[in-house]
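I am opening a notebook on a structure that is new to me, and I will write down what I looked up, entry by entry.

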Amino acid sequence: MGVIEDTEPPLKRVKGPLDESKSSPEDHLTAEPVSCSLGAQMARPLTSQGDGETIGSKGVIKKAEFIKLITRALYSLGYDKSGALLEEESGIPLHSPVVNLFMQQVTDGKWDDSVATLHMIGVSDETIVKSASFLILEQKFLELLKMENVTAALDTLRKEIVPLRINMNRVHELAACIISPLQCVRLGISGQDSEGTKSRAKILEKLQKLLPAAVMIPEKRLEHLVERALDVQRGACAFHNASDSDLSLYSDHYCGKSQIPSQTLQILQAHNDEVWFLQFSHNGKYLASSSKDQLAIIWEFNENGQGSLKHTLCGHQKPVLTVSWSPDDSQILTCGQEEGIRRWDVSSGECLHVYEKSGVGLISCGWFPDGRGIFAGMTDRSICLWDMDGRELECWKGQRTLKISDMAVTDDGKRIISICRESAILLLDREAKFERLIEEVDMITSFSLSKDNKFLLVNLINQEIHLWSIEGDPKLVSKYKGHKRTRFVIRSCFGGLGQAFIASGSEDSQVYIWHRCSRELLLALPGHSGAVNCVSWNPANLHMLASASDDRTIRIWGLDHFNLKHRDQNNGAIHHCNGRS
């Protein structure tokens with residue numbers, strides 16, 4: 001490589017059918033004789049089978065809570081008979097009688113009764129009781145308004161809602177609905193949304209979120225806990241590089257190293273000199289490489305992951321430093337060392353345009369997100385933006401780039417990123433005309449922008465790779481060590497599921513892979529016989545990695561089991577693609 005110069009309705013079922021005639025909450029609750037006051041009954045937990053018992057090896061899971069969550073899940077899944085049977089057999093009801101009554105009253109639109117019952121549930125937090133009362137009375141108000149009973153609606157607002165003395169902005173909005181029906185439309189509380197069953201189900205959902213979980217069991221709570229458990233297992237798996245469809249509830253999740261590309265599946269040979277740069281296309285179907293031999297090559301991969309030479313791009317008079325894929329992968333840019341930038345058609349291999357600027361060499365290039373313009377870094381330390389025909393649209397002069405420089409632009413096209421000094425990276429906001437700097441402790445040799453545009457991976461001359469957050473003020477997040485770099489430009493990249501891994505080349509002829517969050521060095525992959533200058537992780541294939549080396553070859557790395565299968569079929573041979581044959 002070139003030497004560096006000095007420069008989810010919640011209530012699927014309500015237990016116990018209720019008389020539709022008007023009656024007070026107390027009528028329902030005293031249908032059976034009780035030996036204590038109603039208030040005392042509501043204020044204490046329901047005595048049932050399982051109270052105080054725990055299950056599980058660690059004794060931390062309360063049996064009653066566990067059974068209630070299973071019951072809730074059964075109702076949520078539509079298994080009402082099974083849910084009711086579990087309640088009966090276990091003796092552990094999902095909800096207390098007063099909560100069941102409360103939910104039924106809300107569903108039936110018995111607003112005054114439901115407010116009265118709310119106060120009997122035993123919620124000690126007055127703020128929650130007032131907020132729940134507000135939700136119920138607001139729905140009462142809206143339904144009265146819908147029935148054009150304005151007098152009753154106004155009476156509800158004045159005598160029931162206002163005295164709560166909460167959410168006054170909303171009270172003013174409701175008052176405006178009486179004056180102007182259009183206000184209801186503007187607030188999105190008119191029409192279908194304020195009609196019977198559908199709207200009442202939504203009120204129950206809101207009440208469920210508002211009231212304590214011990215009072216109304218949250219919808220899908222069991223599912224949430226299981227998802228959390230899977231998240232923890234996934235997060236603890238250092239080698240996790242598999243889709244979520246591979247996760248199972250039957251066993252604890254662990255990927256192992258077999259999910260990381262670590263075996264050479266193919267060696268691509270066509271360059272006549274050191275391979276300095278390579279990059280997969282966005283769709284993962286192609287790989288482009290550039291070399292000291294003044295050539296760029298487009299490789300195409302079939303459904304089985306085998307690569308073959310598609311086009312050799314000739315025309316540069318100097319080594320080709322970098323390549324850059326267009327957003328739709330239909331075109332590609334190649335940048336010669338301090339000469340022109342060439343734009344190529346990927347399908348035909350034809351050169352479509354050459355971008356040059358008199359008296360100035362071009363050292364880096366890239367595309368704007370809409371694919372209608374390109375940008376380039378110049379030897380005079382300026383950054384220029386051209387349209388597809390080569391007309392200069394913008395130019396940022398001054399110390400904006402270096403002679404050896406990477407460049408990137410965020411997906412929204414607002415920020416251009418470049419190395420502006422030996423130990424500094426410029427974050428240039430085109431719209432706000434604002435600049436931020438990442439100040440490093442040592443000389444920067446290259447960088448890579450994450451797919452989500454939130455992080456930069458920065459390679460330093462001191463054999464460290466730094467991960468920076470570039471949301472807001474730049475912040476150093478992690479450091480990765482272990483690879484070797486003394487003389488050449490060595491490049492790194494993000495890769496794997498959620499870009500959870502960091503890969504890098506190295507001067508000791510190996511490819512290094514770290515876990516992005518833990519910073520643990522996972523693998524060092526031997527195989528090349530010269531410095532590994534650049535790596536690229538296939539964005540469409542989590543299990544494919546490419547590396548470019550001074551040994552003039554490109555290695556395609558894949559999974560152990562894939563490699564073993566093909567070794568059996570091919571007598572253990574690694575497939576070589578010789579582009580010259």
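The model is a predicted one, in which local features need pLDDT of at least 70 and side-chain atom pairs count only at pLDDT 80 or more, while totals for chains, interfaces and linings use all residues. Residues are numbered from 1 along each chain as its sequence is written, and side-chain values use heavy atoms, with hydrogens and water left out.

**Entry 1, the annotated repeats.** For residues 525-560 I noted 3% helix and 50% strand, with the end C-alpha atoms 13 Å apart. Residues 268-302 are 0% helix and 57% strand, and there the end C-alpha atoms lie 14 Å apart.

I asked how many of the residues of β30 (553-558) are buried. Six of its six residues are, where buried means under 20% relative accessible area, exposed over 50%, and partly exposed in between (1.4 Å probe, protein chains only). In a regular strand the side chains alternate between the two faces of the sheet.

Strand β3 (263-269) pairs with β30 in the antiparallel sense over six bridges, and L268 stands opposite I554. Strand β29 (545-549) also runs antiparallel to β30, joined to it by four bridges, with S547 opposite R555. β29 and β30 form a hairpin with three residues between them, and in that turn R552 has a positive phi of about 75 degrees.

I then followed an open sheet with the order β16-β17-β18-β19 and antiparallel pairing. Its edge strands, each pairing on one side only, are β16 (407-409) and β19 (434-439). Strands β18 (424-429) and β19 are paired over six bridges in the antiparallel sense, and the bridge partner of L427 in β19 is R436.

Most residues other than glycine have a negative phi, and most peptide bonds are trans. Q294, in the loop between β5 (286-291) and β6 (296-301), has a positive phi of about 70 degrees although it is not a glycine. Q499 has a positive phi of about 50 degrees and lies in the loop between β24 (492-495) and β25 (501-504). Is Q499 buried or exposed? With a relative accessible area of 18%, Q499 is buried, whereas Q294, at 31% relative accessibility, counts as partly exposed.

In α4 (80-90) I found G83, E87 and S90 buried. Seen down the axis of α4, its buried residues fall within an arc of 90 degrees, so they line one face of the helix; the arc is that of the directions from the helix axis to the C-beta atoms. The face turned away from this buried side carries the exposed residues K81, E88 and E89. Just after α4, G91 takes a positive phi of about 75 degrees.

Methods. Helix = DSSP H or I, 4+ residues; strand = E, 2+ residues; numbered from the N terminus. Pairing = 2+ DSSP bridges.
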